[in-house]
Amino acid sequence: MRKILVVEDSPSTRAFVRSTLESESGVADVEVSEATSGFDALRLLPRGPYDLVITDINMPDINGLELVQFMRKSELHKQTPILLISTQSSERDRQRGIRLGASGYLAKPFAGKALVEEVHKHLRPVGGEGHG
Amino acid sequence: MADPTERARDEFLSEAQEIVETLSRNLLDLDASVRSGSIDPALVNEAFRAVHTLKGLAGLFGAARLGHLSHRLEDVLDDLRLGRMVLSADVLDALFAAIDVYGRLLSLEREGRDEPSPAAEELLARLERLGADAPNRAAPVTEYELDPGLLAVLTEYEEHRLRANLEQKMRLYRLRVEFDLTTIDKALEDMKTRAKRHGEIITYLPAGEATSADAIELDLLMASRDDLATLIGALGADNVVIEEIPRRRSSMLNEPARPTHGAMALTAAESAMPSVSAGEGPIEQGPSLRSLTQTVRVDIRKLDALMNVVGELAIVRGAIARLADRLRVEGQRQLTAELQRLHRSFDRRLAEMQAGILEVRMVPLGQVFDRLARVVRQIGREMSKEIRLVITGSETEIDKLIVEELSDPLMHMIRNAIDHGIEPSARRAEVGKPPAGTIALNAYQKGNHVMIEVEDDGRGIDEQAVLDKAVRLGKIAPEDATELSREEVLALVFLPGVSTSQTVSDLSGRGVGMDIVKTNIARLGGIIDVQSEPGIGTKMTITLPITLAIVSALMVHIADQVFAIPLSTVSEALSLDTGMSRTLDGREVITLRGQTLQLCRLDRVLSLERKKTPAPRKSYVVVVSLGNRRLGVVVDHLVGQQDIVIKPLGRSLASVRGFAGATELGDQRVGLVLDAASIVDEAFSGSEVARERSTSLG
C-alpha cells in the first residue's frame, strides 16, 4: 500500500490528481488522502508517514513552501518525498521549494501522464526490490 | 449515471462557475475599496488566486479559451498584487468585463462548442494593452531582525506584502499562537478577523513539531501601525505570545539573525479579506479531524428525480389511506388500526424526506444579488449615473431553480430602474434629491412565499404616458382609459409593448419590456406588482413560491373534472349560495367582509361541458390571493388537501395559459393544476377589464 497525501485547495484539481493516481495507468495499490488546505495537511500529517506528499504552493493559509519546511524539520516526515505543484510563472517560488527540500515540481497545467511519471520518479521502490 | 470523465467535467464546470462568482463578488469589494481610497491588498490577492485556480483547472480539462484568458488575467493580477501595476478604473473595467466573458466561455464549454469567442479575443487584446506601469521598489526587508528561515519560505507575493508594509513604516510582530488542531480553522478565522482591524497578517508558519497530537503552534507574521501594548490588548490570550521584531541597528545585509527554533510567520494585517474569506465557498473545513470535504455538489436533476419518487410515494400513501377506509367500512377493526398506524408513520417519514430534499434545493438569494450588484455598477457607468445599491435579505433562501431563472428578470427590472427611473444627477439636484440614486433590493420570506422588491428613488412612472401608449397600442379603449384606477393604470406597464422605450423614457437601447419580465416571473409561479409615486420613486414587488418541487394543493371539482389549486395561493374557501353574487362594472362579484371580491367561473372561461350533472345549486368560492390581489374561483365541490408533484403538460398543451401542469391523483386519473398567478393576472389585466366590459355591454 502506497500512501499519498494531496494538499490542494481546488476540489477539481484534487479530484483530478486522485482519479489519475487511482486509475489503472496510475499507481498500483495506492491510498490517496486529500487535504483541502495547509491546515488540513497539518491535521493529516500525524497519520503518516506518507510515501509521497503532493502540494500546491499557493494556498490561502499555510503555503506549500512553509509545509515543506515544516515537514523537513519533523522526524516523521524528514524523508518523505514532496512534489510541488505550481504555475509556470512562479519560477522563484519553485526554486525556493527545492532549496527547502522539496523533491520535485510539476507546473500547472499538467497531463495525467506527466503526473504519474513524476510521482513514480519520487516514490521509493516497494521493499527496495526491483523495478516496480 | 454519467461516466467518470463526464462527471469530472461537470464538476470542473461547476467549480469554475463558483470561482467566477467569487471573483465577481471580489471585484465588487475591490471596486468599493478603490472608491474608499485604500485598496485592500488581500482582495487583489484573492482575485489573483481565483484566476490562478481557473487557469489550472482549464489546463487540466483542456479548456483552451478559458485557459488563455485566465493566463492573461493572471499576469495582470500578478502585476497588480506585486505592485507592478496601478489599479486604475480602466483596469477594473477590464476585470469586470472578464466576468461576462467567463460566463460566455463557460456556456460554450458546457454546450461542448469549441468555436472561438470574439468577446474573449477582444478582451485579450484589451488586457494586452494594459502594461506594468509601476516600478517595483525594493523595500528594506533586511533592516529587521527577520529569521532567514522565515524569509526563505515566503512566497513572492508574501514577500511583496512584507516590503509594502515596511515601506509604509509599519512595525513587525511575531505572534506565536497555539491552536487546537480540531478547532484551528475557526480559531484562526477569529484571529484573522480581530487582527484585520490592526494590520495585515503576512504569513502563517507552522512552528516545528506539534506540541501534542492535538495542538500545533503557528507563527504569524503581522505588520501593524499599533504598538505592542495595543496589539496585546487586542489579540492577547492564553495561547498567544506577541513579540515585536526589532529593527537592526546596522543594516548589514546577510547577517544571520539569531537562530530561532522553528520558523516564524509574520503577518501584516491589512484591512482586507473580511467578506471575501467569508464568501470563500463550500471548501472551508469544519472543525472535525475527519471532515476533509463536507460538501458535495449535486446536479439538481437528481434532486428532481428524488422529489418525483417522493411524489410517487405520496400517491402510495394516499392509496393506503383509502385502503384503510375501506377496511373500516368492512368492519376489519384490527387491520384498520394497524394499517392506520403504518400510514401515520409512513406519513411522518415521508414528510421528513420531503423536507430534507427541499432543504437541499434551497440556496440564498445572495447568489443572484451578487451578480446584480455587478450589473448595477456596469449600467451606472454606461449611463453616467451614480447609483447606490442597497441590498437586504440576501440570506433569504429559495429553490435553486428559481434563483437561476431570476437573474434575467431582476436584471431587466434594475436596468429599467436605472434607465427610466433614476434621474440624471443634475435633475436630482434640482428637485432636492441626493446626487446618487438609490436602488434597493430587498428580499424576505412571507409564509410560503419569498418577496423580492426592487425599489428606486427616481422620478416614478408617468401614468399619463402609460395610459396614452396603451390606448395608442389598442390595449384599452379610449373611453375606458379615464375609468381605470391608478393601480390598474400602473398594471398596464406589464402589457406587451407598453413599457418599451419612447413614452416611458427616452433611453433604453435594449428595450426589454416588462411583459417579458412578468411572463418569466409567472413561469416560476410568481407575480409582480408595481407601486409608484410621481417624483418619489417606483417599487416593483415579486411574489414567488419558495419551491417549485412539491406543492400542497386544494383539490376541487369543476364540472366533473378534478383540479388542483396550489394551497400557497388559497387564502380561504366559502360556500356560495345562489343570489349572493351581483354584477359590478361588468364583473361578477360578491361582498366578503365588506370588500368586493371578483369571481371567476372557470367552467365558462374554459368552456367545460357539464355532461353528467347540471351546475349544482350550491357551489363554493376558493379565494385565491397573490400579492395584493384576490380572486374568487367558483368550484362545484371541495375535495380536500393533497401534496402533489406538478408534472409539465405535454407539448401540445404547453402554451395554454392558466395551468401550471398536471398531477397524478392516485387513482390512475390525472388532474390539472391551476396556475393561480396567470388566472389572477388574466382577471385583473387591462385587456381582461376591457374585454369583460365590452362583452357585458354587448
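1. Helix α9 (residues 228-235) of chain B lies across β1, β3 and β4 of chain B and runs at about 165° to β4(B). Helices (H or I, at least four residues) and strands (E, at least two) are DSSP runs, numbered from the N terminus. Axes are lines fitted to C-alpha atoms, for helices over the stretch in contact, and angles run from 0 to 180 degrees between N-to-C directions. Residues count as in contact if their C-beta atoms, placed from the backbone, lie within 7 Å.

2. This is a predicted model, in which local features need pLDDT of at least 70 and side-chain atom pairs count only at pLDDT 80 or more, while totals for chains, interfaces and linings use all residues. Residues are numbered from 1 along each chain as its sequence is written, and chains are lettered from A and ligands numbered from 1 in the order in which they are written.

3. The strands under point 1 belong to an open sheet of 4 strands in chain B, ordered β2-β3-β1-β4, with antiparallel pairing. Two strands pair if DSSP finds at least two bridges between them. β2 (199-206) and β4 (240-244) of chain B are at the edges with a single partner strand each, so one side of each has no neighbour in the sheet. From one strand to the next, the twist averages 20°.

4. Within that sheet, β1 (residues 171-180) and β3 (residues 215-224) of chain B pair in the antiparallel sense over 10 bridges. B:E178 stands opposite B:E217 in β3(B). Helix α8 (residues 184-196) of chain B also packs on the sheet, where it touches β1, β2 and β3 of chain B, and its direction makes about 155° with that of β1(B).

5. Chain B has another open sheet, of 6 strands in the order β14-β18-β19-β17-β16-β15, with mixed pairing. Its edge strands are β14 (570-576) and β15 (582-584) of chain B, each of which pairs on one side only. Neighbouring strands are turned by 40° against each other on average, direction ignored. β15(B) is joined to β16 (residues 587-592) of chain B by 3 bridges, and the two run antiparallel. The bridge partner of B:L584 in β16(B) is B:R587.

6. The contact between the chains takes 38 residues from chain A and 35 residues from chain B. On the chain A side, α1 (11-22), β2 (30-35), α2 (38-44), α3 (64-72) and α4 (91-100) each supply at least two residues. α1(A) gives the most, with 6 residues.

Methods. Contact = placed C-beta atoms within 7 Å.
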